[in-house]
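Hello,

I am passing on the structure we talked about, and my notes on it follow below.

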Amino acid sequence: MKTATEYIDSLRRRNLDLWIDGERVDNPVDHHMIRPSIESVAMTYRLAHLDETVRLATAHSELTGTRVNRFTHLFASPDDLVDKVSLQRILGQATGTCFQRCVGMDALNALFIATWEAGPEKHERFVKWLTEVQVSDEMLCGAMTDAKGHRRKRAAEQPDAFLRIVERRADGIVVRGAKLHQTGGANAHQILVLPGGTYREGEEDFALAAAVRADAPGVTMLLGRQPSDKRRGSPDAGNFTFGGQEVVVWFEDVFIPTEHVFLDGDVTAAATVLTAFAGFHRSSYGGCKPGNFDVLTGAVAQLAEDCGVSRHAAVRDKLIEMTHLTETIHGLGLAASHKSTQHVSGVWQVDPLLANVCKQNVTRLPYEITRIAEDLAGGLLATMPGLGSFDHPKLGAIMNNITGGKRRAKLMRLVEYMTYGSGAVPLRIECMHGAGSPQAQRIVIERTADWTGRMASARKLAGLE
Ligand SMILES: Cc1cc2nc3c(=O)[nH]c(=O)nc-3n(C[C@H](O)[C@H](O)[C@H](O)COP(=O)(O)OP(=O)(O)OC[C@H]3O[C@@H](n4cnc5c(N)ncnc54)[C@H](O)[C@@H]3O)c2cc1C
């Protein structure tokens, strides 16, 4: 298993075609806007080598016969899924942001199931690749979401809005198009391309799953901008070490050799990827986000203590409410894992109803948690001068006077970062849309809930049967 340092060094060996605001980035690893997001991923490698976290951060692989990093592991039991959520909470606490490796982990589990259903040839090909990934401990991003264009038109009516196969050769395929919102894309070794929707006969060119090197010829990445991202590395960063990242990935006639093509034209197996991934990923939010909210709750609790209001009943009640909402999300993530069932391929799948209820809550409760945090922090959250002023001979005294000192000012910046600075991308908008917008969960809840059983219980108790 790679150490954090080996992971970061390995990124230097890629020849990434990455752009920020029209400028090519020669050295992404040391770029001040990117490095914090690399540090977040590196934490997933670091915890695999620490005594106190090694059990959660690694797992025994049946494929290699060794322990592997959990982010490359197949879910082999309900305990594995519970451990995943527990590890995600620790990582959320350690980084205060998105550590970017969950999409790849959830995607490889979904693909294990889907390729099993697609038949032995595809499955063996996938398992061979996955075994190599477990040994090399590479970081994967999961590329599912297409641009999609007009939402009521089919992919076949607007092919440019979807990543698709444009050529089939004897030794592989050629793909063209974009994948959007790629969490950790510029920090990945490989892009795990997944189908972005459900397709029908005549749309086989879109029913595609494959692995592509992040620096393969024809792959271009555009870094997504986040609020205050230019503050990274400055005294006003808020979160000093860590950050999140999303990129657009553009595939310009990218060749993918057959051994890395896992689904090609199988619309049924492509649909399986979608449902399996949605379950895994929607319950993942029951781990990482509670970890992030632990940090936010801690920050405003500390601010309240430092300015003397922490014993007030109303303040305690607000902290209790933040904790209650955080644990509601976590409880659902754990419950979905505990109630998992085994797919015939061997992989364990979370309870779909609870996973979707978990994510549905994640589209709402974080807004209440951040609202309370903004309430408790006070107005300085939005009006505080730059922290660089502390070092000025005259302004430093003013800063100390208005903030009560650097400690309070720094905590305030952390709250700003998490509520509406660059940390708000994972803490708010990703909570809303990541793993599917709210309506996507309501569709699954509608399909999965046992309406017949519910109505039968009611009829029985009402004396109708
Ligand atoms: C921070 C962040 C990180 C992400 N990371 C990843 C990642 O790593 N990999 C990845 O593949 N994707 C990722 N995503 C993408 C995420 O899965 C999508 O944002 C999500 O599926 C919604 O798609 P969209 O953004 O195109 O929204 P849209 O489709 O534009 O939806 C906008 C609104 O329209 C509604 N809508 C759309 N179509 C319909 C319809 N047919 N019927 C009714 N209502 C409809 C939606 O419900 C929503 O309310 C990420 C997103 C974010 C914000």
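This is a predicted model: local features need pLDDT of at least 70, side-chain atom pairs count only at pLDDT 80 or more; totals for chains, interfaces and linings use all residues.

The phi of His 181 is near 60°, a positive value in a residue that is not glycine. Most residues other than glycine have a negative phi. His 181 counts as partly exposed because it has 18 C-beta neighbours inside 10 Å.

His 181 also leads us to the ligand. Of the 20 residues around the ligand, the nearest are Met 144, Thr 145, His 181, Thr 183 and Glu 430. Two or more residues of this shell come from each of strand E5 (140-143), strand E7 (172-183) and helix H14 (424-433). H14 gives the most, with four residues. Sorted by class, the shell has ten polar, six nonpolar and four charged residues.

Ala 435 has 27 C-beta neighbours inside 10 Å, so it counts as buried.

Finally, have a look at two packed helices. Helix H7 (residues 267-306) and helix H9 (residues 352-362) pack at an angle of about 50°, and their axes are 8 Å apart. That angle makes H7 oblique to H9. The crossing of H7 past H9 is left-handed. Among the residues making the contact are Gly 279 and Arg 282 of H7, and Pro 352 and Ala 355 of H9. By class, the contact of H7 with H9 has five nonpolar, four polar and three charged residues.

Best wishes

Notes:
Residues are numbered from 1 along each chain as its sequence is written. Axes are lines fitted to C-alpha atoms, for helices over the stretch in contact, and angles run from 0 to 180 degrees between N-to-C directions. Angles under 35 degrees count as roughly parallel, over 145 as roughly antiparallel, 65 to 115 as roughly perpendicular and the rest as oblique. A crossing is left-handed if the near helix is turned anticlockwise from the far one by less than a right angle, and right-handed if clockwise. Two residues are in contact if their C-beta atoms, placed from the backbone, lie within 7 Å. Ala, Val, Leu, Ile, Met, Phe, Trp, Tyr, Cys and Pro count as nonpolar, Asp, Glu, Lys and Arg as charged, and the others, Gly among them, as polar. A residue is near a molecule or strand if its C-beta atom, placed from the backbone, lies within 6 Å of it. A residue is buried if 20 or more other C-beta atoms lie within 10 Å of its own, exposed if 12 or fewer, and partly exposed in between; C-beta atoms are placed from the backbone.
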